Amino acid sequence: MPAVVRGGRRQSSSQAPKRAAAPKGPTRGRGPQRRPQSASGVPGKLAAIGRLDLSPRAVLISIAAGTLLLVGVLATGSRAERIGAAFSQGMDGVTAGMGLKLQKVSIEGESPEATLAIQQAVQLSAGQAITSIDLDALRERVQAVGWVKEARIVRLLPNTLVIQVVEHDRLAVWQSAGQVVVIDTQGQVIHGADPGRYAGLPLVVGRGADEAAGEIVPLIAQRPRLMSRMDALVRVDGRRWDLRLKDGSVILLPARDPEAALIQLDALDQRQRLLDLGFTRIDLRVPEAITVRLTADDA
């Protein structure tokens, strides 16, 4: 009858006869009992080696080979890194052989004037294994471009990288100490931006104007009649602003709450069309005592 395998043991239909129980108690006439040995006949700790089907000679050879390898690595100046690099190159070759090669880099969100600088920062070659590209290092290179505020890299297998960039907002042109640069809403200089190409941005002048521009420029931009007449915003004593208009007139804003002063100016303009009448100076530094010097007063 065929054998049946249950629970990992082989059993036949008829059970094997039971062995006779060993006699209990001491046996006369026998010599001292010997310590049992392992199946390999090797006592002590080496018995474990026998259970792994390894001979002592094989173990000694393995230990010697490992020692020689370690000595070789140390003697050759830690070539383990080269071994790891060679292995990595081999894996890249396998990956490329599977068709996972870089063929296309798509840049999204960049302005035309920033495209070239971003392309130069990418530093990738067509045909390289796409899985070997360090996305973190690539993102750092792209974000180091002056135009770029933030970058995100997406790997689209089998052959495409997508670089999504968010550029700095162009807030104003800042002039200070003979230097003219483009700044963003945080007052950070946008390296590579040509101020001559941003004639439509407001001009802020003076030390500290870069850091304070993010608060005043949006307030002026909310008032198109005033914005269209403004020539420059001048920072005074690092505390307040003077608005210089294109006709040479000036509006003095207070150090505290310039928005409230601009609201007062709006009210005057609505009642008297002040911006159209012409003036040389409007002093809004004291809310309770606003002074207006009209152009006719100078005649």
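**Close-up views of a predicted model**

**View A. The loop between strands S4 and S5 holds Pro158.** In this predicted model, strand S4 covers residues 148–156 and strand S5 covers residues 160–167, with Pro158 in the loop between them. The peptide bond that joins Leu157 to Pro158 is cis, with omega at about 15 degrees. Most peptide bonds are trans.

**View B. Asp257 lies in the loop between strand S11 and helix H8.** Strand S11 spans 250–252 and helix H8 spans 258–272. Asp257 has a positive phi, about 55 degrees, although this residue is not a glycine. A negative phi is found in most residues other than glycine.

**View C. Helices H4 and H5 cross at roughly 150 degrees.** The axes of H4 (residues 112–122) and H5 (residues 135–143) come within 8 Å. Because the crossing angle is over 145 degrees, H4 is roughly antiparallel to H5. The crossing of H4 past H5 is right-handed. On the H4 side, the contact is made by Ile118, Ala121 and Val122, which meet Leu138, Arg141 and Val142 of H5. By class, five residues of this contact are nonpolar, one is charged and none is polar.

**View D. The largest pocket has a volume of about 170 Å³.** Its lining includes the residues Tyr198, Ala199, Gly200, Leu201, Pro202 and Leu203. Val173, Met227, Met230, Asp231 and Lys246 also line the largest pocket. By class, the lining has eight nonpolar residues, two charged residues and one polar residue.

Note on methods: Residues numbered from 1 in each chain as written. Predicted model: local features only at pLDDT ≥ 70, side-chain atom pairs only at ≥ 80, totals over all residues. Heavy atoms only, no water. 1 Å grid on protein atoms, 1.4 Å probe; cavity = no way out; pocket = protein on both sides within 12 Å on 5 of 7 lines; lining within 4 Å. Points joined across faces, edges and corners; volume = space filled by probe spheres on them. Nonpolar A, V, L, I, M, F, W, Y, C, P; charged D, E, K, R; others polar. Axes fitted to C-alpha atoms, helices over the stretch in contact; angles between N-to-C directions. Helix = DSSP H or I, 4+ residues; strand = E, 2+ residues; numbered from the N terminus. Parallel < 35°, antiparallel > 145°, perpendicular 65-115°, else oblique. Left-handed = near helix turned anticlockwise from the far one by under 90°. Contact = heavy atoms within 4.5 Å.
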